[in-house]
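Here is a set of questions on pockets and helix packing. Work through them with the model open.

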Amino acid sequence: MAAPLKIEFHFDFGSPNAYLAELALPGIEQRTGAKFDYVPVLLGGVYKATGNMSPAESLRGIRNKPEYNALETQRFLRRHNITKFTMNPFFPVNTLALMRGAVAAEFEGAFEPYFRAAYHHMWVEPKKMDDPQVFREAFLSSGLDIDRISARAQDDDVKKRLIENTSNAVARGTFGSPTFFVGNEIYFGKDSLRDVEDEILAQLNSERRKSA
């Protein structure tokens with residue numbers, strides 16, 4: 001029997017586009033019946049491995065393109081009825097502690113509340129989440145046992161998992177966030193979501209025909 005279709009969302013909390021894209025994933029899941037696996041990666045590690053850089057750096061000094069990117073973001077917000085988004089005034093934020101925390105929360109069975117709180121404090125009520133005190137107070141205000149998660153995040157298996165996630169993503173073609181995999185097919189960016197959904201349906205239909 002063939003393995004079920006694996007659909008992945010590779011994210012880093014520091015990417016506003018990954019935040020926005022994730023808000024559209026429940027709709028895709030509802031329409032297709034598929035479920036995304038959420039894979040934490042360290043965007044700084046991806047950039048280092050690929051020679052890429054953040055838009056904040058790559059667009060600096062370029063005329064018109066930053067303005068167009070802002071226009072495109074507004075269109076995305078309207079298309080998906082997104083009302084909770086505020087550009088983080090401290091962007092870019094060093095996300096090492098956040099991403100290790102995501103892996104630790106996954107190991108501790110607290111991924112969902114940690115994930116939602118992290119995105120809330122990055123892109124809804126944005127804070128300087130690479131400040132340890134701000135980080136701790138933010139998660140405490142969201143009701144998480146962040147001291148336990150932060151302690152777990154210092155363990156070698158957590159650090160190793162984040163490194164492996166990042167290295168494996170790069171080996172498969174990742175160069176930024178958000179990146180999606182539908183089986184072995186890679187898609188990048190929030191504007192690829194329509195193609196992601198089409199590919200999910202195509203592969204699911206192919207699997208059904210094979211098993212019929």
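Predicted model: local features only at pLDDT ≥ 70, side-chain atom pairs only at ≥ 80, totals over all residues.

Q: Are α6 and α7 roughly perpendicular or oblique to each other?

A: Their axes lie 10 Å apart, and the packing angle is about 120 degrees. Roughly perpendicular runs from 65 to 115 degrees, and roughly antiparallel starts over 145. The pair is therefore oblique.

Q: What is the hand of the crossing of α6 and α7?

A: The two helices pack with their axes 10 Å apart. Their crossing is right-handed.

Q: How is α5 oriented relative to α9?

A: Helix α5 spans residues 96–107 and helix α9 spans residues 156–171. They pack at an angle of about 110 degrees, with axes 9 Å apart. The range from 65 to 115 degrees counts as roughly perpendicular. So α5 is, relative to α9, roughly perpendicular.

Q: How many residues of the contact of α5 with α9 are charged?

A: From α5 come L96, M99, R100, V103, A104 and F107. From α9 come D157, V158, K159, R161 and L162. Seven residues of this contact are nonpolar and none is polar. The charged residues number four.

Q: Are α1 and α10 roughly parallel or oblique to each other?

A: Their axes come within 11 Å and cross at roughly 25 degrees. Angles under 35 degrees count as roughly parallel. Helices α1 and α10 are therefore roughly parallel.

Q: What is the volume of the largest pocket?

A: Space is what counts here. Rolling a probe the size of a water molecule over the atoms shows where empty space is left. For the largest pocket, the volume is about 1,100 Å³.

Q: Which residues lie closest to the centre of the largest pocket?

A: The lining holds 42 residues. They divide into 21 nonpolar, 15 polar and six charged. Closest to the centre are P16, N17, S54, P55 and F91.

Q: Which element gives the largest share of the lining of the largest pocket?

A: The elements that give two or more residues are α1 (16–32), α2 (43–50), α3 (55–58) and α4 (65–79). The largest share is eight residues, and it comes from α4.

Q: Which element gives the largest share of the lining of the second largest pocket?

A: This pocket has a volume of about 260 Å³. At least two lining residues each come from α1, α4 and α10 (193–211). The largest share is four residues, and its source is α1.

Q: How many residues of the lining of the second largest pocket are charged?

A: The lining has 16 residues. Those nearest the centre are A24, F76, R79, H80 and L193. Six lining residues are nonpolar and three are polar. The charged residues number seven.

How values were computed
Residues numbered from 1 in each chain as written. Heavy atoms only, no water. 1 Å grid on protein atoms, 1.4 Å probe; cavity = no way out; pocket = protein on both sides within 12 Å on 5 of 7 lines; lining within 4 Å. Points joined across faces, edges and corners; volume = space filled by probe spheres on them. Nonpolar A, V, L, I, M, F, W, Y, C, P; charged D, E, K, R; others polar. Axes fitted to C-alpha atoms, helices over the stretch in contact; angles between N-to-C directions. Contact = heavy atoms within 4.5 Å. Left-handed = near helix turned anticlockwise from the far one by under 90°.
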